[in-house]
Every structure is written in structure tokens, then in C-alpha cells.
Number of protein chains: 4
Amino acid sequence: MKNIAIIYVTGTGSTGKLAEAVHAGAASVADMQAELIAIEGKDIVDGRYSNDAVFEKLNKADAIIFGTPTIMGGPSAQFKAFADATGGIWFGQGWKDKLAGGFSMSGSPSGDKLNTLQYLHILASQHGMLWVSTGGMPSFYAGKTDGYNRLGSYLGVMGQNTTPQGQPAAIDSGDALTGQEYGKRVAELALKLRES
Amino acid sequence: MKNIAIIYVTGTGSTGKLAEAVHAGAASVADMQAELIAIEGKDIVDGRYSNDAVFEKLNKADAIIFGTPTIMGGPSAQFKAFADATGGIWFGQGWKDKLAGGFSMSGSPSGDKLNTLQYLHILASQHGMLWVSTGGMPSFYAGKTDGYNRLGSYLGVMGQNTTPQGQPAAIDSGDALTGQEYGKRVAELALKLRES
Amino acid sequence: MKNIAIIYVTGTGSTGKLAEAVHAGAASVADMQAELIAIEGKDIVDGRYSNDAVFEKLNKADAIIFGTPTIMGGPSAQFKAFADATGGIWFGQGWKDKLAGGFSMSGSPSGDKLNTLQYLHILASQHGMLWVSTGGMPSFYAGKTDGYNRLGSYLGVMGQNTTPQGQPAAIDSGDALTGQEYGKRVAELALKLRES
Amino acid sequence: MKNIAIIYVTGTGSTGKLAEAVHAGAASVADMQAELIAIEGKDIVDGRYSNDAVFEKLNKADAIIFGTPTIMGGPSAQFKAFADATGGIWFGQGWKDKLAGGFSMSGSPSGDKLNTLQYLHILASQHGMLWVSTGGMPSFYAGKTDGYNRLGSYLGVMGQNTTPQGQPAAIDSGDALTGQEYGKRVAELALKLRES
């Protein structure tokens, strides 16, 4: 049995929907335990994130998938507070050789989400982790404008917030499918990586 | 009278269509002369671009807008051959304080085009230039999925190649509009920047 | 008379030293008023930055230079909280056509500082601003390992924290010089940009 | 027995020295065959790279490490010609799940090399590969200015060209050490990744 953790921030709730899709994909893999962890505002005091139970889970995980909305062109401040709080783990390279992945959500089709995914990759690289790409061709190349990887993202999963004003958070079915496939992919690769 | 040059590479022709839109916008501005320059394969020998007449025009321009398709996640090799050939100008900082901008085209809505625009910005910054952002809100925020800046790009113009297989190159009308507005914007800002 | 604002976060104090150098350069330019504004932790509550007086100053500035340490490969969470709080201004494009610039500090010579500068450029681009590059050749090309732009940065100013353990914050003299020259450059270009 | 390929471009020869260090590290690992492949100018005609024997080797490799100088802020045009030529492999996702890594060389300590490494990661991600980070703390944090990872790079290996004018290509001993350790690391991780 191996472990995978999906740790994310959500604002309006749509990133949370994508996180659930990624989690469902990871949890569908045999011999893999998947945990969905939300970064909560109450754990950020004076701009610093602190939650020992969360870090205990992440330290034990074989793979960690990071998720955040793209706000003003990058990860949200709440996510960054979490990232900054990993400095001690980084200094001891405590997450070295774990698998890593990421997803992000914003309002427009492109919308600088690539910059957020690139940041998540930099964070993972500072930790000495191995980054898992999306691993599937966009539906565009099969002549579709919806479906799997419809936005054309290769580093990780991009979602577009299509929630109508004043309605409950919703995500595109193609983006949800992309999230599920990605969660499954990271989980399967984690099982293939021998520890010694 | 000031000068603006749009220098670009096109493969299938769709980036050329976007270049024409940017050029049309720039040429519509009074007191501004706009020139459209294609990087041609015949000028690249052994991976090195050379064309004195082109560089003479660029050296005299008040603003330069760079355009390239996004191929395998970055500017095309042909565009990069042109960029590498600017090394001598860079060493003498011959383009310092000129305005710069960029545009890119690929098949999917996102598709790593941001990475190409970020590269064009790095190229411009190595030359000591000033980078002009898109400067207009995506149509998404007005509740539309087409129209101005429909893909949600802020560094420069993104276009999506929607040419049907075997048909003449075509671009989306919203992307063409975004290109025109951007060409106009860079031209107007070039007129506002006093030389001394 | 025009205005330039340098808004920054500092942790150990070394980014503050670089901010002071940038401010000194900007303030040395005739007809330019330069203000140095620190983002303070007390203004960040529940991960959200709020300070009306600061935004009033920024809204009136002709140029804004952003500064932050690079922490875990990107801008600090405190800086990101400030950036996220500019969402309302962004939605109304209130900073459109202002000049923008940036600087960052970290422990090692390279250390992913480029990613932070690229983020600052994305933030500025979302706001419709014009980005000012460093604009000077690294001292390396004059055969030196210290002096102006010794680290080789083109998007904005990079500094390396050389503070000895337990000592007051200090920065390299070449980095300080680079900061001064950059502040002066942004201020001079702001004076050259006519408003209409 | 598994295979690792290091494919690179060198201009003045210093990137070639770093490639040799990466190769030596990979070749030192038991049960791993490491091949060093230079991209040659003769194989680039009209901006297009073609060499069937090279692609045959890459297709069989369990891991591929990409190397290029950073020229005008990105991979050299020659490297990009190679990257563009992988479009057919990409379309069939022929390199999916292989390990990937990268290194780059330029004149100054930082010098936009991060942008080149980020591009190599994007290229690898388009191919569905897994990216291996540097995985070791910079010597800076042990109070040194030379030695392992002295420049502070986490995505892949950065080297600084320290060749004196008119002398044979040379690289810094710390950069060479970083290259060796990285080659070894990618090779060891490739052995740990089960194929099914």
C-alpha cells in the first residue's frame, strides 16, 4: 500500500471540484490510499501557515499533488503561505524523490495558469521531487473543443471556472475528466517507483 | 513620424494572419509607419540567420513586435535562429529603450503559448527594451467566450489556429481583433515615449 | 513633477537594503518624487492585505517597482497577499500604462530568482503596465566577477543575500549599484512617457 | 541493463564539458548504459534537424537528459531545431513515462539559464515524461561559494562558462561535480522505475 496526498486551496469552490476529481482518480488505483487535504485560512496567522497534522501526512506520502487557483497570475497567497512553510522540510530535503504534480483553475482558457503550474514545478524541484506531466494528448488533436485536456496543458491539469454568477461551484466535464486521469496517472507511477 | 516593425515567422500561415492583424492595427495610427517583416527560411544557413536589410530596418524602428508559432512549447527554431543572430546588437545594447511586444499562435487554447511570450519578453529584456502588455480585459469577464482577448492573455497576444485540415490558413475573429488592438496600442505608446 | 513608488516586502532585512538602493537611484532624478513603501505583516489578516493609504499612493504613481525576496522559488506569501489584493484595481485596469519594474533577493547566485521576476512581470502585465528591463550589460562581459549586474539579470534586479549569520542585513556593493542604476532608469523613463 | 542518453548542443565547447560530466556520472552507475550524443550542425538543413540513428537511440532510452547553452535567454536555435523535430514522436507520445532532465551553460551566474531549464521541462512534459530535479542543496548553505550546486539551481544543472578568451573550453569544478551527481541521480532513478 502506498499513499498519495492532494493538497489544495480553493476560493470560490471550483478548484475544490477539480481537487475532488484528481482525488477520485488517484483513489481508484488499487494498493493506493489517496487523501484530499484542504489548506484552511484558520491555519494562516500573520501570513504563516502552520498545521503539524497536515505536514505529518505529507511527509509520509509517496506522491504529493499541489492545487491552487491562479490569482493575479500566480498561486494564491494562501497556497504560497503553505509553500513558504515547507522551508524547514526543504532544508533537510525531506521530500526528496517523492513524485509531484499540480493543477490550477482560473476564469479564462489560458489566463497565466501555465505560470502557476511552472511555479508548482519549481516548488517541487526545490524539494528534490520528480514531476509528473499530464501525459495525454489534448482533445483538440482529435478535432474536438471539449473533452480530455481540452485547454492543451502538459505540465499539469488546467481547469476553467465556468460557474455562473451566484451559482454553486461547477467545473467543465472535460476538465474533471483530465483531473481524474491525472490523479490516476500519478498514483500508478508512484506504485512503479521502487524505494530502493 | 515614427516606425514600428512586426517581425515574425509563420509555418502553416496562421501566425502570418495574426501578424497581418497586428500590422493593420499599428498602421492605423497617425504619424506611425508600420512594416511587416517575415523571417524567411532562405536566410537561415547552418542554423544561423543573416539578412542585413532586415536588421537595418529593426535598428531604425522605435518599436519591435516579435511573432512566432509555439512549436513543441516554445518559439520555432526559425525564430530562435533570428533571436540568436541579434547577439551582436545585444552586446552593444543597440535596441535599448525601444518598445517591444509579442504574439504567438498554437493549436489549443492554452498550449504553452505563455512560455513563448515569456521567452519573447526575456529576449526583449536582454536587449534593454520596454515590454508592452496586452492592456485589455478578456471578453470572458463580460460573459463571452469569443471576442477580444478571449483566451485570456496579458503579456501579449495569443491566437488559436483554427484552420480546418487542408484549408487555407484562418484565424479566429476575436484573436484577429486582439491583434489589431495590440498593434494599435504599441504604436500609440511609441508615439508617447519622448526620445530625450 | 512625477511620482514613483517602490513597494516591497523584506524578511531578514536584505531585500529592504536593495529597496533602499533602488529608492535612492529613483530619488536622485530631478522632477521625480520617489516613495519607499514596505508591505507590513500587520496589514495581512486571514491572508488578505489591506491598506487604503498604500493603494492611494500607488494609484497616483507614474511608475511602480515591486520587490520581494525569493522564498521557496517565488515571491513571498506576504508579497502575494499584496498582489492578490490588487484584484479590484486590475478589474478596472486602474494601473494601465504605468511603468513597472522589479527586484528580488535570495541566498544563492541564481536560486530561482528569475521565476520571481517573471511573476512580477506577469502581475504588471495583468495590470496593463509597461515593464522596464535592467538595461545594462553584466560586469562579467568586462571581465569582472563583481560590480554592476554581476549576477547577469535582464528582467529586473537580482541581489544575493550575503549577510553573515547573526549579523545585521547587508548586501553586495555590486547589487546595490545595480539597484541604484535601475531606480534611476525607471524614473528617467517615467519622465519620458507623455501622458497624452 | 537500462539506457540513458545525454543529447546536447555545444557552441564554444563549455556545454560539451558539462555534458561529459553528466555522462560520466550516469555511466558510473551499475546496470546502466550511458550514451553521449551531440547535435551536429550538419544535420540541420533549412532549420530542420534530421538524424534517424539519433532518434532510434533516444526512442530506446529509459531516460533522456537534454543540454544546451543559454543563448539570448533560451536554448540555442540548433537545440530548438532538434526539439521541433520531435513533433512526430510527441504526436504519438512515444517518449511517455521516460525520465527527463536538463542542463544549461552561460556566461554569468544567473543569466536567464532558469528560462532554458524551464523550457526543457516544458519540452519533456509535452512528451509525457517525468522530470528529475537536481536533488541536492547548494553549497552556499554550507557556507561555501564554490562546490556542489554553487549557483543554486533546482530544476537541473546550471554551469557558468569560465573559459578565458582564446583558451580551450573549461568549466568550474563545482559545476562539473554538480553535473556528475545529476547524471548519477537520473540513472539511479531510471533503475528504480519499474516498467509495468
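## Close-up views of a predicted four-chain model

**View 1. Chain A as a whole.** In chain A, 76% of the contacts between residues at least 6 apart in sequence join residues at least 24 apart; two residues are in contact if their C-beta atoms, placed from the backbone, lie within 7 Å. The model is predicted: local features need pLDDT of at least 70, side-chain atom pairs count only at pLDDT 80 or more, and totals for chains, interfaces and linings use all residues. Residues are numbered from 1 along each chain as its sequence is written, while chains are lettered from A and ligands numbered from 1 in the order in which they are written. Chain A has 6 helices and 9 strands, which are DSSP runs numbered from the N terminus (helices: H or I, at least four residues; strands: E, at least two).

View 2. The C-alpha trace of chain A spans about 45 × 40 × 25 Å along its principal axes. A compact globule of 196 residues would have a radius of gyration near 16 Å, and chain A agrees, with 16 Å; the radius is taken over C-alpha atoms, and the globule rule is 2.2 Å times the number of residues to the power 0.38. Of the 196 residues in chain A, 63% are buried, where buried means that 20 or more other C-beta atoms lie within 10 Å of the residue's own, exposed that 12 or fewer do, and partly exposed in between, with C-beta atoms placed from the backbone.

**View 3. The contact between chains A and C.** Here 24 residues of chain A are in contact with 24 residues of chain C. On the side of chain A, α3 (77–84), α4 (87–91) and α5 (113–126) each supply at least two residues, and the largest share, 6 residues, comes from α3(A). By class, this side has 10 nonpolar, 10 polar and 4 charged residues; Ala, Val, Leu, Ile, Met, Phe, Trp, Tyr, Cys and Pro count as nonpolar, Asp, Glu, Lys and Arg as charged, and the others, Gly among them, as polar.

**View 4. Helix α5 of chain C.** The 14 residues of α5(C), residues 113–126, should span 20 Å at 1.5 Å a residue, and the end C-alpha atoms are 20 Å apart, which agrees; the expected span is 1.5 Å times one less than the number of residues. Because 14 of its 14 residues are buried, α5(C) is largely enclosed by the rest of the structure. Just after α5(C), C:Gly128 takes a positive phi of about 70°.
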